[in-house]
Amino acid sequence: MDPNQNMILLKEEEERFLSDSEEQEEELEKSLKKLNNFLFLFGFHQSSLLGTIISWFTFVIIGVSIPVSILLLPACSGCEKYQINKFELDILASKSLLSAISLLCVSHNLRKHGIRNFLFVDRHHGHMDKFRKQYIQMIQGFFRLLVLWVLPCFLLKTIREVIRVIYVGHDSWWISVAIMFALLSSWTYSTIISLSASLLFYLVCNLQVIHFADYNKLLESGSDVTALMDEHLRLRYYLSKISHRFRIFLLLEFLVVTSSQVLTLFRTIGYHQIITLISGGDFAVSSFVQVVSVGICLHAAAKMSHRAQRVASVASQWHALLTSYSSDTSRMRGSTSVENFEALANPIRPIHAVFSESDLESLDSFGPPNYTQMASQLSTYNKRQAFVMYLRSNPAGVTIYGWTVDRQLINTVFLGEFSLVLFVLGRTLSFTSQPT
């Protein structure tokens, strides 16, 4: 083929690659802008004093003032019978507190780092051409998961409010419908805020999972130990940044949800009448949303931690395979020792045995031992061994003040929660025996 034609084909291929790269960059920019607009709409962007005032004023009015005002209105017919107002004030307190924590923590990080730095998708945090498509898919998955979790919760809340209007209504039908829509709007606003914060943490962790999956492929390809070390230090630095940014949010969310569930248990056990969908339905919906929020965070953190810890296992396998391969190759080339590691450990050994002339001639056919190659193999082996020991001694993962969020911690949390439930039940329930 003509060299000019080769140059033309290469140039066309390069232009095609640059065009695809620019298209993916534009698509990624659109996805980030869409996410940024969504966060701005729900008050997560507080980059200025005016934006902060508007955000918190909107939250206080829609998320707190409207439902509190409705609940403090003159009692409706049947509200005292079902103790609706008393139950809903407790639910509103925990829901508003959880939403306020989500809004405060996420807005602080966005104001300090910006959307790209917050998600670690800029050029200074591992932004590469091959990851753009996966970045876009993950950001789109954020909206899909939000709809997936908000929609069933909204349906449950709507069913409960409709039943409440039917059985426990006000004197005017229009007032009952207006109150129902106001409560649904306030509940949806607060729920989206709390779930969005959990899903943002889930998104940040999943974006780092992409890099760890690529790092495992880098290990399997047998790259240089120094390059692998530098890349792992970079990834571990990002994990520490993620842990530092979200540790307050994770800790406060867990404490609020635990306190709310304990309060719910006290309220339902202390209620001496039959609990129906009207009186206890809001407890069920609120508990479901809170458990989903905590579950999303724990799942994301545990997934990220186990992906990071699996690197040590992959590196050990990589080290073993390379060592076995180098040993087999040395034997095939003819080593002067019986065991390869003995040869590497003692590359220069004098021959004390007495050989005949024919024996010496047979030894000459193998040539002199390659001590430079043995030293190089020993140096490479020591580097890999040191790298594997480093990975085993420094397990990475998402941490909360030093506690790594993995399956072991989740099991501990579950046992602690179960013990707390049994303690509450033991303090509130009493069994009396009938005299015979």
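1. Which residues does the UniProt annotation "transmembrane region" cover? According to the unreviewed entry, the annotation spans residues 49-73, 142-160, 172-205, 246-263 and 283-302. UniProt positions are given in the numbering used here, feature names are shortened, and annotations may be inferred rather than shown by experiment.

2. The model is predicted: local features need pLDDT of at least 70, side-chain atom pairs count only at pLDDT 80 or more, and totals for chains, interfaces and linings use all residues. Residues are numbered from 1 along each chain as its sequence is written, and side-chain values use heavy atoms, with hydrogens and water left out.

3. Two of the annotated spans may be described further. Residues 142-160 are 100% helix and 0% strand, with end C-alpha atoms 27 Å apart. Residues 246-263 are likewise 100% helix and 0% strand, and their end C-alpha atoms lie 26 Å apart. Helices (H or I, at least four residues) and strands (E, at least two) are DSSP runs, numbered from the N terminus.

4. The second largest pocket holds about 400 Å³ of space. Its lining comprises 16 residues, and Phe254, Val257, Gln261, Val291 and Glu417 lie nearest its centre. At least two lining residues come from each of α7 (225-270), α8 (277-333) and α12 (407-428); α12 gives the largest share, 7 residues. A pocket, found on a 1 Å grid over the protein atoms alone, is an open set of points where a 1.4 Å probe fits, with protein on both sides within 12 Å along at least five of seven lines; lining residues have an atom within 4 Å of a point. Grid points are joined across faces, edges and corners, and the volume is the space filled by probe spheres set on the points.

5. Ile248, Leu251, Leu252, Leu255 and Tyr401 make a nonpolar surface patch of about 420 Å². Patch residues have over 30% relative accessible area and no salt bridge, and nonpolar side chains (Val, Leu, Ile, Met, Phe, Trp, Tyr) are joined within 5 Å. A salt bridge is a side-chain nitrogen of Lys or Arg within 4 Å of a carboxyl oxygen of Asp or Glu. Areas come from the Shrake-Rupley method with a 1.4 Å probe, and for residues only the protein chains shown count as cover.

6. Most residues other than glycine have a negative phi. Tyr401, in the loop between β1 (399-400) and β2 (403-404), has a positive phi near 55 degrees. Phe120, in the loop between α4 (84-119) and α5 (132-167), has a positive phi near 60 degrees.

7. Is each of these residues buried, partly exposed or exposed? Phe120 is buried because its relative accessible area is 1%, whereas Tyr401 is partly exposed at 45%. Buried means under 20% relative accessible area, exposed over 50%, and partly exposed in between.

Methods
Patches are made of residues with over 30% relative accessible area and no salt bridge: like charges are joined within 9 Å, nonpolar side chains (Val, Leu, Ile, Met, Phe, Trp, Tyr) within 5 Å. Buried means under 20% relative accessible area, exposed over 50%, partly exposed in between (1.4 Å probe, protein chains only).
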